[in-house]
Amino acid sequence: MPEYILEALFTPKAVAVVGASASPGKVGHSVVSNLVEAGYQGEIFPVNPKGGEVLGIPVVQSIADLPSPLDLAVICIPPRIVLDAVRQLAERGVRAVIVITAGFKETGREGYYLEQELTSIARTHGIALLGPNCLGLNNTACGMNATFAAGQPQSGNIAFFSQSGALCTAILDWALGENIGFSKFISLGNKAVLDESDMLEYLHDDAKTSVILGYMESVDDGARFMQVARKVSAEKPVIVIKSGTTAAGAKAASSHTGAMAGSDQAYSAAFGQAGIMRAPDVATLFNLAQAFSMQPLPKGPNLAIITNSGGPGIMAADVCEKSNLLMSPLSASTVEALGEFLPPFASLYNPVDIIGDADAARYRQTLEAVTRDDLVHAILVLLTPTASAQITETAKAIAEVAAKTEKPVFACFMGQQRIRPGREILLSAGVPCYGFPEPAISSLEAMYRHHIWKNRPEAVSVSRMRDRARAEAVLAKARRSGCVEIVEFQAQELLKAYGLPLPRTELARTSDEAVAAAESMGYPVVVKIASPQISHKSDVNGVRVGLKDAGAVRAAFMDVTSRAQRLRKDAFISGCLVQEMAPGGAKEVIVGFKRDPQFGALLMFGLGGIYVEVLRDIAFRLAPLTVGDAHAMIRDIRSYPLLRGVRGEPPVNFKAIEDILLTMSQLAVDFPDIYEAEFNPVLVDHDGAIVADVRVTLCTYDEGS
Ligand code: ADP
Ligand code: MG
């Protein structure tokens, strides 16, 4: 969408309100009165066949009488006449349209077709269309409040876009109560034409916006969203609530990866990889909005805490210890400086306890000294309303010192009634003030993480050596035979084509062949059932490990094949795989991917074995993986210390796992035809890793591809 069109939407020179009404309470009245009240300086044209006046502005009786060209029309008329109005507006050369009217896609089949028609008219005429079914749009920079929301938000540096109109009204009300102002306020509605990616693109270049908030339920074009989001979040923090997360669709999955890689994981991975922060709830969204919109990012993890009471100071230090931040050391000169003016019982070390009788001057002096310390990257000032606390003066002192430093300064005034005036002073001076240490510290932590993200090393991509044609042949063969699943014994070729490390494996059709294979690879070996219909071999007790001699191999072969035939009458038994046994002590990990409809291949890494789904200790990233992604995935899981080795164990070979992850990513990118693939287990020890089992599922038609 070219930008001049969005200019017509955000900064129109004139606005027509189609369906304007003289009766207060009607949507068509609220839009006009909001424009007037917000002080919109452009021309307003209320349109209504009844004529007359709305708030003293003469009504235009027909769209045909509007000036042409026209920047923006806001539509609040019944759904069945919306299409005609938009067609007429298109003829008048209107550049942007906001359709507030509901009754489209959200109402069912008929509305769905109506909306498709609306989209097509807008696209044909290059109209930037917002909605339908939305609250409207407010650009506080020019008083362009084209919404029907109650109340005028203050102007500020936060932009907000939302897929839910109702949430918009709640956020507006919250903002009024918190002294928070907005640069832009956008209700996306059904996203018939313009969506969150268009808004991000516009807000990226909007000088009035320094923080972007969003509420999202879905993304339609995942690839574009990722690309735009990555660009924008390199410049401005983007904080999003994503709802509508369900586990539906995961039930029928045939693998561990399938069962765990749901759309919520894909969204989280997408946000993470694009640098978007995901707020779990509205409270966190607000906390982060305050932090990011008011203070600079910390340049390091060291947090200093100043407090007038011991307990809350220790609580805050505890929260800090559990976060990615560190309790900052203080340099000797700072400690010395503090010692000169703080009373004898004060603590000169972090948390700096300036004790219960601290007045505003003591707060100021301490904050100045601590802020000057080069070891300190961020400061949190705690205040409990003791009898001698000078709440408003302290707030002013903090605000003044904060204004003079490049480091983020946060306040935590604990309480409600008595601290309120102090809190208001801080907020209007641009110092975030929280009621408890937790939100203050977790917001700072998010800012630090964002700082790291912005300064991350250049991504390194790799292209794996591979024989695509050889792999392609395996997939084609499966397709020809009508198979959707490719099981371990069939997938060996595919893995070899991608140079993956495999245990020596041979397919034996008879027990004699099995013994011969075992003799040639050396004991111990593993025997596994080989049948195209049996993908979970252990389910039929079809895997025998640690076989030490010919007798054991022969017995295992007979037992495994006859049992499989008995349990799975439908299955064609090809024989058994005889496989080299991984060295004792190797750890089982799982590497897999599943194709997400919005974002493409979602890769998964975790500890393998049968408890994967119970422990859910897994990391997700979208393909293609960079070297950094592969590195980070392994370190993201809680059990990472297990892989590093406990009680004198040597660490596993991380490089070998990273290689397998990157190869899996390559496979996912090379073959969109693969819906799901899983190596479970990959057996890894200090020396290296081997892929000891694999399962590949091809796309079927109803899954799309
Ligand atoms: P399934 O189809 O049941 O997943 P696997 O091939 O994964 O069958 O084997 C089941 C388990 O047997 C693995 O999780 C692993 O613990 C063990 N196993 C399989 N192959 C080997 C091997 N080559 N070396 C050591 N252990 C193995
Ligand atoms: Mg397995």
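Analyst: Happy to; we will take the labels one by one and set each value against its definition. This is a predicted model, where local features need pLDDT of at least 70, side-chain atom pairs count only at pLDDT 80 or more, and totals for chains, interfaces and linings use all residues. Residues are numbered from 1 along each chain as its sequence is written, chains are lettered from A and ligands numbered from 1 in the order in which they are written, and side-chain values use heavy atoms, with hydrogens and water left out.

User: How many helices and strands are in the chain, and what makes a run count as one?

Analyst: The chain has 24 helices and 31 strands. Both are DSSP runs numbered from the N terminus: helices are H or I with at least four residues, strands are E with at least two. The C-alpha atoms fill a box of roughly 100 × 80 × 40 Å along the principal axes.

User: What makes Y267 and F271 an aromatic pair?

Analyst: Rings of Phe, Tyr and Trp (its six-membered ring) pair if their centres lie within 6.5 Å; planes under 30 degrees apart count as stacked, over 60 as edge-to-face and the rest as tilted. For Y267 and F271 the centres are 6.1 Å apart and the planes are at 65°, an edge-to-face pair. The two residues are four apart in helix α9 (residues 263-274), which means they are separated by about one helical turn. F225, Y267, F271 and F599 form one aromatic cluster, and a search of the whole structure finds 11 aromatic pairs.

User: How do you know that the charged end of K242 sits over the ring of Y267?

Analyst: The test is NZ of Lys or CZ of Arg within 6 Å of the ring centre and within 35 degrees of the ring normal. The charged end of K242 is 4.3 Å from the centre of the Y267 ring and sits over that ring. R456 likewise has its charged end over the ring of W453, 3.7 Å from the centre.

User: What makes N680 and D693 donors of the magnesium ion?

Analyst: Donors are N, O and S atoms within 2.8 Å of the metal (3.2 Å for Na, K and Ca); water is not among the atoms, so sites may look incomplete. N680 (O) and D693 (OD) lie 2.2 Å from the magnesium ion (ligand 2) and are its protein donors. N680 is in strand β29 (residues 674-684), while D693 is in the loop between β30 (689-691) and β31 (694-698), 13 residues apart. Both N680 and D693 are buried.

User: How do you know that β27 and β28 pair?

Analyst: Two strands pair if DSSP finds at least two bridges between them. Strand β27 (residues 600-607) and β28 have five bridges, in the antiparallel sense, and L602 stands opposite L622 in β28. Five of the five residues of β28 (residues 618-622) are buried: I618, F620 and L622 on one side, A619 and R621 on the other.

User: Which strands pair in the parallel sense over five bridges?

Analyst: Strand β12 (residues 211-216) and β13 do, with G214 opposite V240 in β13. Both belong to an open sheet of seven strands with mixed pairing, in the order β9-β8-β11-β10-β12-β13-β14. What makes β9 (144-147) and β14 (277-278) the edge strands is that each pairs on one side only.

Note on methods:
Buried means under 20% relative accessible area, exposed over 50%, partly exposed in between (1.4 Å probe, protein chains only).
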